[in-house]
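Student: Please take a close look at the aromatic ring pairs in this structure. Which rings pair, and where do they sit?

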Amino acid sequence: MSYFVIGVGGTGAKLMQTLIHLSAAGLLPEPSRALDGLLVDPDDANGNVDECNQLAMSYARCEKLQTGESSDIFSRSVSVSGPWTPVRSKEVDTLDKIFQTTQRQVSMPKEADLLELFFSKEEREMGIQQGFRGRPAIGATVLGNSVNFSQKADIWFKLLESAKNAGTFASGVPVLLSGSVFGGSGAAGVPTLLQLMKKPFSENVHNGRLGLILFLPYFQFKQIPGEKVQADPHAFSLATKEALKYYDERHFLKLSKSIYVLGEQNRADMAVSAVGSAAQRNEPHFLELIAGLGAIRFFAGEQLATKEPAVAIAGRASEATLTWEDLPTTDGLKMLQLGKLRQMILFAVSFRLNFYNVMTEELSARKTNFPLLLHFVVNERLPKELALQELAYVNEYVARFLTWLLRICMPRGGSCKPALVDVNVFAEIDGKTNEWVLRTKFHKEKDLRGLFLKFPVRNTPDLGGIWKKANNYNVSDPTAKATGRLIRAIYDCCEL
């Protein structure tokens, strides 16, 4: 049983990254403990897509550590495929080449005339390997010509078969599509894919449930000199208005069970502007965390509590800041879900800045008297080299997690300042580059108590308390094995 997510474009890939982190923290709702993701982007070298794939591989290495069936951390199965791209050949990457405009002028002159009517010469000759560059009409035309649910070798057929065999969900098999409404890939891909999916899914997937997460403008960037065709952030508002009008007029509320729409009035400034490829690495934003929690609500079938159409509204209590109380959760599970997220944060900070350093030093020494390692490594006869490698996998993942957390807590333009954690506990400004970077050890261990901002629970554990508890902790779950048991012990001792 899996929750299916299709992330379209760079924004869809960024949401997928958030869902991987939420899965690592155990937020995927029962009965399923699996996330099945597909990335869609004409630009297969997109930086955000590459980051997502790298994160998925890092998570997969941690998932293999067997923290136990009753565990939250690293216990969910996560699979991310793609990016699927409609560009079948690098030599055939323009509208004119894909639709063979020159040949059609002879064999199908009316169709050739339509292409020339709807698209300018620059648009027809624009290579789409770096995305649709804010031209959703180009994307919709190409995608509509490329998606195939009937050919067995095609990834869309495989997705349909996976959903068909996903098992029994009381709320229906959930398939979620996500992307922006104001750019190119997401604006073109999400509505086009949903319309292409509706018929084959309704005919083949018993009790299927389609949903959308749509991102309104929430970031901006500078124009790229010398690029004739590129997305224009000044046109985002008009593009959004037209897109929402399209969703309404084409009755998307009838095509899908749920639509989550998110935007931010004060748009964040992206550090790097790029038309696509590896350079397009837009930083994480807190809106993606909001969207990820919305996805968890969709997976849980929250909107099915009533048969009548319902509108759920999430917003900040204050325009100037974002607090823990502002984060939307599944009804009745606020403390549980936010507790899991905070526990993951506390574990990541404690592991990277303390536990990892001490354990690698002890394991590299000839002999160790460290109780935690004696109990979970030496007495288990686990080879030290293997333990060191697997601990390094966890350290790599928590570094990615903390980098994501750091970025979503950084205000960039506008007036909203996220007040979730004190980033000074685990990050600092590099004196040479003047940029924020992760610490490798605590500046002051007592700072750990001040990690969570505006947090209603008084007794945030200090490092000494976590140390003492972990060194005397017994993991009772028999399915937790080797290094997985060690990680589980530290994680459990970070429970708030």
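Tutor: Start with F74, which is buried, at a relative accessible area of 2% (buried means under 20% relative accessible area, with a 1.4 Å probe and protein chains only). The model is predicted: local features need pLDDT of at least 70, side-chain atom pairs count only at pLDDT 80 or more, and totals for chains, interfaces and linings use all residues. Residues are numbered from 1 along each chain as its sequence is written, and side-chain values use heavy atoms, leaving out hydrogens and water.

Rings of Phe, Tyr and Trp (its six-membered ring) pair if their centres lie within 6.5 Å; planes under 30 degrees apart count as stacked, over 60 as edge-to-face and the rest as tilted. The count by this rule is 20 aromatic pairs. Helices (H or I, at least four residues) and strands (E, at least two) are DSSP runs, numbered from the N terminus. Y397 is buried too, with a relative accessible area of 0%.

Now F347 and Y491. Their ring centres are 5.8 Å apart and the planes meet at 75°, so this pair is edge-to-face. It also links distant parts of the chain: F347 is in helix α13 (residues 334-364) and Y491 in helix α17 (residues 482-492), 144 residues apart. F347 is buried, at 0% relative accessible area. Y491 is buried at 1%.

Back to F74: ring pairs join Y59, F74, Y397, F401 and W404 into a cluster.

Note on methods:
Buried < 20%, exposed > 50% of the residue type's maximum accessible area, 1.4 Å probe, protein only.
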